[in-house]
Amino acid sequence: MNESIKQQILDAIVSHERIILSRHKRPDGDAIGSTKGLAGILRASFPGKEILVINEDSSEALAFLGAEDAQLSDAGYADALVIICDCAGVGRISNSKFSLGQTIVKIDHHIDISPFGDISWVEDWRSSTCEMIVDFYRSFSERLTLPPDAARCLYTGMVTDSGRFKFAEVTGETLRNAALLLEKGIDTQRIYANLELKDMDYHKFQAYALKKMKITENGVVHLHISLKTQEKFGLNHEAASSCVQFLSTVRGGLIWAAFIDVPDGSTRVRLRSRFLPINQIAEHYHGGGHAMASGATVYSREERKALLRECDLALKNYKEEHEDWL
């Protein structure tokens, strides 16, 4: 069935002269990599078409992947194909005009709890949407061209969304797709340098986070980052949210949660786990996502505590039922 859907997407690309690519708000490497990577493929393959990447926010950390295009007038969408990459629901699309497009395509690897689009290609077992874009290229490689810069964007998204190829969703197919990108001659050392080198203030923040993190009775590692702390260390929301990775190596801590305050009074939650799914818990708190990597939003200290209690109970039950949990 997915081959048929991919053919529909290619047919839609061929039949439109203007193609607009967008992704989710507060973008990560996969969101930016998939849109820019697909845009690069389409520009190289169909030089006569107008290919635009249009979004309403950006990422300082991923600016090395290049700039995006300016927003169009409403009329600019009238005959356009709009492709939304790496976004599960319309509420998170970083382009408020996307629905003005003539045809809407969804390409995503999240659980499809909020379907949208005239054509929807969702594979929630994939490690990244970038992996799906490489698969799309492979399906039509006789018609499509994959230039090195597009390969660089796609590889960056695959690396970041797979946890450097460590997450459970990584398969042999993932690595074969990554190999195809490497064969395009991309500079992986420059990619990793851009992703991993941090300012001294960020390292001080990491030391602070390691000192302040806590663990519940059954092993939920958690950390709360206030607006005051973000200001102290000069962090934007993206940098503050990355602290969730600091929590992942505590022995016995199979769930970890970072609570990041935002100026509107709410608190964004980065929720991760090892072995047991936590996406349904995230759905109880205005969120969702992958089985072991989800996001949520809480609006009070009480909600924050309730989410932690629910995670702690889930982890308690899991450990009681699985003697080999580590």
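Start at the second largest pocket, whose lining residues divide into 4 nonpolar, 2 polar and 5 charged. Here Ala, Val, Leu, Ile, Met, Phe, Trp, Tyr, Cys and Pro count as nonpolar, Asp, Glu, Lys and Arg as charged, and the others, Gly among them, as polar. This is a predicted model, in which local features need pLDDT of at least 70 and side-chain atom pairs count only at pLDDT 80 or more, while totals for chains, interfaces and linings use all residues. Residues are numbered from 1 along each chain as its sequence is written, and side-chain values use heavy atoms, with hydrogens and water left out.

Select Tyr208, Lys212, Lys214, His222, Leu223, His224, Phe259, Arg301, Arg304, Lys305 and Leu308 to show the lining of this pocket. A pocket is an open set of points on a 1 Å grid over the protein atoms alone where a 1.4 Å probe fits, with protein on both sides within 12 Å along at least five of seven lines; lining residues have an atom within 4 Å of a point. Helix 11 gives the most to this lining, with 4 residues. Helices (H or I, at least four residues) and strands (E, at least two) are DSSP runs, numbered from the N terminus.

Next, select Ser266, in the loop between strand 8 (255-261) and strand 9 (267-273).

Last, select Thr35 in helix 2 (residues 29-45). Thr35 is buried, at 0% relative accessibility.

Conventions:
Buried means under 20% relative accessible area, exposed over 50%, partly exposed in between (1.4 Å probe, protein chains only).
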